[in-house]
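Look over the sequence and the model, then read on.

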Amino acid sequence: MATNPRYIWMDGELKDSAQGNIPFLNAGLHYGFSVFEGIRCYATERGPAVFRLQEHVERLLDSAHIIGFRDLPFTRDTVVDAIHQTIAANRFSACYIRPLIYLDGAMNMVLDSGKPRLVIAVWEWGNFLGPEAKERGVRANVASYTRLHPNITMTKAKVSGNYVNSILAKTESLRTGFDEAIMLDPAGYVAECTGENIFVVRDKVICTVPRGAILEGITRDSLITLARDLGYSVVEEPISRDQLYISDEVFVCGTAAEVIGLREIDFRMIGNGKTGPVARSLQDAFENVTTGKHARSATWLSYVPVAALSSAKG
Ligand SMILES: Cc1ncc(COP(=O)(O)O)c(C=O)c1O
């Protein structure tokens, strides 16, 4: 269940959410020409802390650069500060964070005829794949839709329009009784899920899809590091559809979903049909790191400054 925010960040200031309107005539809405991020803030003993905030802001600005926005009217530090302030104003101890840059003032397909504008919303949001997903694992299908080709759109950028491909696959998956869709790339190898990267485990070796044309997930990167910390060997190699079926474990990860096992794919049980031991150990490590209880928390968590919390609106 999502709890909506009281304040959003818009045009350099916090506004009451009800006042945060965007004109109907803007190219971002009509042509999907916006870039965004999905970030999580976690409750810790030292207050709200954002997971890998610098890396997310970097990817947001990279997405803007990739699709060709020029002269952004804000800096990386402004975005970081605005995110902290938006969390503090809404008094959330844990939340999902959505910065989005859209093209304003253009009602055409000419990028340079509009201005990029930044909006940041935060809301309380539980696990994207449902409350039982972490324990039980979820059921996935291989989508009938192919994942994006990097010369058709820009797969390293979180462009709003790219998510039509994800929504087609996710809708097909849910309507046919599954929880999530695995998408194959144009060559027929596993690419990623609709909003997660994917890992398989076989004979204790963890394998994930090479960076090639996938979205380079920040959770993926974190899990590779945490898995190596735990002594697992991790390789990045192409994965075929049938390799999924014979893996001991398959799990997916992303900011919204966190770390979730796949207990079944295309009606075939994976491993013992539950979240496997490797996925479990990574879930534990991930939870420790995001709640400030891990050696890597110091570098991966960005605590909302006390000054922002004490001067919060409301
Ligand atoms: C298509 C896609 N792949 C992978 C991911 C996972 O990325 P991250 O771990 O940075 O959230 C996401 C989520 O942003 C996504 O939308």
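What share of the contacts in the protein chain with a separation of 6 or more comes from residues 24 or more positions apart? The share is 69%, where two residues are in contact if their C-beta atoms, placed from the backbone, lie within 7 Å. This is a predicted model: local features need pLDDT of at least 70, side-chain atom pairs count only at pLDDT 80 or more, and totals for chains, interfaces and linings use all residues. Residues are numbered from 1 along each chain as its sequence is written.

**Overall fold**
- The protein chain has ten helices and 17 strands; these are DSSP runs, with helices as H or I of at least four residues and strands as E of at least two, numbered from the N terminus.
- Its radius of gyration is 20 Å, close to the 20 Å that the globule rule gives for 314 residues, so the protein chain is as compact as a globular protein of that length.
- That radius is taken over C-alpha atoms, and the rule is 2.2 Å times the number of residues to the power 0.38.
- The C-alpha trace spans about 50 × 45 × 30 Å along its principal axes.

**Core**
- Of the 314 residues, 43% are buried (20 or more other C-beta atoms within 10 Å of a residue's own, with C-beta atoms placed from the backbone; exposed is 12 or fewer, partly exposed in between).
- The largest nonpolar core holds 84 residues, and I120, I182 and F251 have the most contacts inside it.
- Such a core is a set of buried Ala, Val, Leu, Ile, Met, Phe, Trp, Tyr and Cys residues joined through C-beta atoms within 7 Å.
- Helix α3 (residues 76-90) gives the most to this core, with six residues.
- Domain 1 (7-126 + 296-310) and domain 2 (133-275) both give residues to this core, so it lies between them.
- Beyond its neighbours within four places in sequence, F251 contacts F199, V259, I260, G261, L262 and A279.

**Domains**
- The bounds of the two domains come from an automatic or database domain assignment.
- Their centres, taken over C-alpha atoms, are 26 Å apart.
- Domain 1 puts 19 residues into the contact and domain 2 puts in twelve.
- On the domain 1 side, α2 gives the largest share, six residues.

**Ligand shell**
- Residues around the ligand include E192, E196, R220 and T255; a residue counts as near if its C-beta atom, placed from the backbone, lies within 6 Å.
- Helix α6 (residues 218-229) gives the most to this shell, with three residues.
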